[in-house]
Amino acid sequence: MVLWRIRATVDDRPGYLSVLTASLALRGVNILTVQVHTTEAGAVDDFLVDAPDVVGEAELVAAVERGRGRDCWVARSEARGLVDQPTRVLGLATRLVRDPDATGEMLRALLGADEVTWRPAPAVPHGGVGAASMLVADPCGGAYELRRRAPSFTPAEYARAQALVELAATAARRAADRVTLVLPDGGELVVRPATVDDLAGVVDLPQACSARSRQRRYLGGGALPSPSRMRRLLEPRRGTTLVATTGSGAGESVVAMANLLGEGDEAEVALLVRDDWQHRGLGSALLRRLLGQAGRSGYAAVVLHIQAENTPMLRTVRRLGRPTPIERDGALLTVTVPLAARPAGPARRALPRQADATTRRDRAG
């Protein structure tokens with residue numbers, strides 16, 4: 001028996017597909033998998049079949065045409081074609097997350113393209129798909145041009161290609177946001193965007209901190225935040241969360257977390273640094289990184305809620321070298337760090353020469 005791929009257009013009418021499959025069955029052809037691509041010309045059915053050795057390409061084409069199929073394309077296949085499409089796509093996506101630079105190779109593997117070329121010119125607004133070529137917009141700029149002699153590309157394949165390219169762009173942005181940070185004392189950490197996979201690490205972080213550090217961060221006492229609350233911080237509706245880690249793999253440990261939570265044209269910032277990593281410049285580095293992200297996201301200012309006695313955090317803010325008006329509510333200071341020109345408001349007192357971080361919105365969480 002020999003494996004073949006068959007692609008043909010079939011009128012999307014009741015019974016037509018069964019006529020085609022019956023015509024193949026008469027020649028001893030066993031259908032192993034089938035995918036359906038909806039097009040304006042009809043349903044394009046993509047089969048992986050197992051045919052007797054004596055059945056060749058011409059006979060398969062004839063069988064399809066007798067079964068009311070048209071625009072038939074037939075080619076020999078390999079055993080790897082037996083892997084179902086969702087499993088295959090997930091495998092390619094996993095490889096792409098690990099290596100975003102392999103986007104062209106993954107597109108070629110996904111669609112069996114003869115040629116994949118990245119072009120600096122952007123694609124048309126919604127890309128484009130033709131019989132032998134496809135143009136897929138790259139969210140990072142430019143576009144991928146795919147060419148394949150046969151079979152013709154379909155809209156379903158275009159959607160798959162665009163999804164894969166967008167995944168690659170997301171992975172590339174994450175990789176670009178991952179930095180190795182060397183502190184003034186020589187300490188070295190990795191700072192990166194947090195994911196839900198970091199839940200165990202960020203739940204352990206407050207437990208490894210002193211009650212005083214937790215109180216400065218969460219403003220509601222030294223109690224441990226719940227895992228559900230920490231999970232919400234990992235997936236903010238607007239904003240981002242950074243973690244600083246030491247080690248790698250199973251030995252990776254989260255030693256600091258920085259949160260940027262957007263609301264309106266402002267974003268709130270809060271930091272939690274494990275006690276043995278405090279006073280080493282880590283808080284300043286995380287705060288500056290969050291300010292950069294807030295500026296790129298278009299926020300006008302960031303706000304920090306800081307206990308008045310929290311001298312280290314106030315000192316960290318002062319090191320930014322920016323005008324930082326504050327408002328006081330009892331023992332709580334609200335510090336505003338402008339990121340863009342803003343309308344003049346009521347006069348506020350200058351930031352005292354003192355500083356560590358917290359967020360009012362977060363303490364209710």
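# Close-up views of a predicted model

Arg68 is found in the loop between helix H2 (57-66) and S4. The model is predicted, so local features need pLDDT of at least 70 and side-chain atom pairs count only at pLDDT 80 or more, while totals for chains, interfaces and linings use all residues. Residues are numbered from 1 along each chain as its sequence is written, and side-chain values use heavy atoms, with hydrogens and water left out.

**View 1. Backbone angles at Arg68 and Asp71.**
Arg68 is not a glycine, yet its phi is positive, about 75°. Asp71, in strand S4, also has a positive phi, near 50°, and is a residue other than glycine. Helices (H or I, at least four residues) and strands (E, at least two) are DSSP runs, numbered from the N terminus. Most residues other than glycine have a negative phi, and most peptide bonds are trans. Arg68 counts as partly exposed because its relative accessibility is 47%, and Asp71 counts as exposed because its relative accessible area is 61%. Here buried means under 20% relative accessible area, exposed over 50%, and partly exposed in between (1.4 Å probe, protein chains only).

The bond from Ala150 to Pro151 is cis, with omega near -5°. Pro151 belongs to the loop between strand S8 (143-147) and H5.

**View 2. The largest pocket.**
The largest pocket has a volume of about 890 Å³. Of its 34 lining residues, Arg5, Gly81, Arg88, Ala109 and Leu110 are the closest to the centre. A pocket is found on a 1 Å grid over the protein atoms alone, as an open set of points where a 1.4 Å probe fits, with protein on both sides within 12 Å along at least five of seven lines; lining residues have an atom within 4 Å of a point. Grid points are joined across faces, edges and corners, and the volume is the space filled by probe spheres set on the points. Elements that each supply at least two lining residues include strand S1 (2-10), strand S2 (30-39), helix H4 (103-111) and helix H5 (155-177). H3 gives the most, with 5 residues. The lining divides into 12 nonpolar, 8 polar and 14 charged residues. In this count Ala, Val, Leu, Ile, Met, Phe, Trp, Tyr, Cys and Pro are nonpolar, Asp, Glu, Lys and Arg are charged, and the others, Gly among them, are polar.

**View 3. The largest nonpolar core.**
The largest nonpolar core has 34 residues, and those with the most contacts inside it include Val269, Leu287, Val302 and Val317. Among the elements that give two or more residues to this core are strand S10 (188-193), strand S12 (253-263), S13 and S16. H9 gives the most to this core, with 6 residues. Another core lies apart from it, with 19 residues, among them Leu110, Val136, Ala161 and Ala168. A nonpolar core is a set of buried Ala, Val, Leu, Ile, Met, Phe, Trp, Tyr and Cys residues joined through side-chain atoms within 4.5 Å.

**View 4. Val302 and helix H10.**
Leaving aside neighbours within four places in sequence, Val302 is in contact with residues including Leu260, Val269, Leu291 and Val337. Contact means heavy atoms within 4.5 Å. In helix H10 (residues 311-318), the buried residues include Pro312, Met313, Leu314 and Val317. The buried residues of H10 pack against helix H7 (211-218), strand S13 (266-273), helix H9 (282-296), strand S14 (301-307) and strand S16 (332-338).

**View 5. Ser213 in helix H7.**
Ser213 is found in helix H7. Ser213 counts as buried because its relative accessibility is 7%. Not counting residues up to four places away in sequence, Ser213 touches Leu272, Asp275 and Gln278.

**View 6. Thr246 at strand S11.**
Thr246 lies in strand S11 (residues 239-246). Thr246 and Leu189 are 57 residues apart in sequence and 5.2 Å apart in space, C-alpha to C-alpha. Beyond four places in sequence, the residues that Thr246 touches include Glu188, Leu189, Gly251 and Trp277.

The structure holds 0 disulfides, a disulfide being a pair of cysteine sulfur atoms within 2.5 Å. Cys72 is partly exposed, with a relative accessible area of 23%. Cys209 is buried, with a relative accessible area of 5%.
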